[in-house]
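Dear colleague,

Please find the structure below, handed over for your review. The findings follow it.

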Amino acid sequence: MRQAETPETPSSKTYEWLRAAVLHGDVPPGGALKPQELAAARGVSLSVIRECLLRLVGEGLAERLPNRGFVVPQAGDGRWQVVAEARSVVEPTMLRMSIERGDLEWEARVSAAHHRLENTPGYEHEDDVHYSDAWASAHYRFHRTLLDACGNDVLLDTFDRLWTASELSRRWSASSHRDRDALTEHRQLKELAMNKAGEAAAAALAAHIIGTTNGLDNPRSTT
């Protein structure tokens with residue numbers, strides 16, 4: 001028997017509204033997220049807005065600065081290189097494990113996730129700045145499926161947290177580098193995984209991750 005869905009609360013609805021505003025670029029990088037103005041715009045209490053803002057901070061979608069309140073992170077902030085560095089260490093290792101442990105069912109799920117990604121339009125309209133939520137969902141599902149045969153729930157939880165923390169950098173990089181051939185990069189990852197080429201797949205994934213932050217300003221020094 002299907003359980004009844006939990007009713008949405010004012011807090012959860014406000015959180016989704018605020019999260020979408022940040023992800024869709026309604027507030028620019030470095031832009032202030034003023035609790036009083038947001039509360040008035042949404043018709044909710046300050047406590048609800050602050051709760052939502054703190055959730056965004058925890059996800060890396062907002063930042064709390066001393067004497068400045070809440071802001072959207074800067075596009076050139078070194079945090080994106082730090083997150084990408086962590087991902088480029090963790091995810092290739094997970095992919096090697098997944099390729100070693102993955103069975104025929106996993107291969108079918110990877111192929112299906114890639115098919116969905118490849119056939120989901122990146123942008124709803126030609127003049128859109130940010131890619132569509134449908135593509136974002138398909139993109140996450142493909143990467144998550146590539147790794148989920150690793151069999152380690154702690155690593156998969158880490159992936160989920162790092163993925164959320166890097167979502168803004170993906171959107172900003174995609175909007176400024178529309179000529180990047182992500183289609184070919186994802187197809188290569190799928191084919192290497194299907195061919196059980198663990199080391200080559202891991203290297204391709206690391207390059208794929210770093211390629212996103214290379215498209216942002218002020219990269220973190222690696223010296």
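This is a predicted model: local features need pLDDT of at least 70, side-chain atom pairs count only at pLDDT 80 or more; totals for chains, interfaces and linings use all residues.

Residues are numbered from 1 along each chain as its sequence is written, and side-chain values use heavy atoms, with hydrogens and water left out.

**Helix pair**

Two packed helices are described by the angle between their axes and the distance between the axes. Helix α9 (residues 182-194) and helix α10 (residues 198-213) have axes that come within 9 Å and cross at roughly 160°. That makes α9 roughly antiparallel to α10 (an angle over 145 degrees, on a scale from 0 to 180 degrees between N-to-C directions, with axes fitted to C-alpha atoms over the stretch in contact). Helices here are DSSP runs (H or I, at least four residues), numbered from the N terminus. In the contact (heavy atoms within 4.5 Å), E185, H186, Q188, L189 and L192 of α9 meet A200, A201, A204, L205 and H208 of α10. By class, this contact has 6 nonpolar, 3 polar and 1 charged residues (Ala, Val, Leu, Ile, Met, Phe, Trp, Tyr, Cys and Pro count as nonpolar, Asp, Glu, Lys and Arg as charged, and the others, Gly among them, as polar).

**Cavity**

A cavity is a set of points on a 1 Å grid over the protein atoms alone where a 1.4 Å probe fits but cannot get out, and lining residues have an atom within 4 Å of a point. The count comes to 1 cavity of 30 Å³ or more. The largest cavity holds about 50 Å³ of space, a volume being the space filled by probe spheres set on the points. Its lining includes W80, R87, S166 and I209. α4 (79-101) gives the most to that lining, with 4 residues.

**Pockets**

A pocket is an open set of points with protein on both sides within 12 Å along at least five of seven lines. The largest pocket has a volume of about 490 Å³. Of the 24 residues lining the largest pocket, W135, A174, R180, A182 and H186 lie nearest its centre. The lining of the largest pocket divides into 9 nonpolar, 9 polar and 6 charged residues.

The second largest pocket has a volume of about 260 Å³. Its lining has 14 residues, and R19, L23, A136, E167 and R171 are the closest to its centre. By class, the lining of the second largest pocket has 5 nonpolar, 3 polar and 6 charged residues.

Yours sincerely

Technical notes:
Helices (H or I, at least four residues) and strands (E, at least two) are DSSP runs, numbered from the N terminus. Angles under 35 degrees count as roughly parallel, over 145 as roughly antiparallel, 65 to 115 as roughly perpendicular and the rest as oblique.
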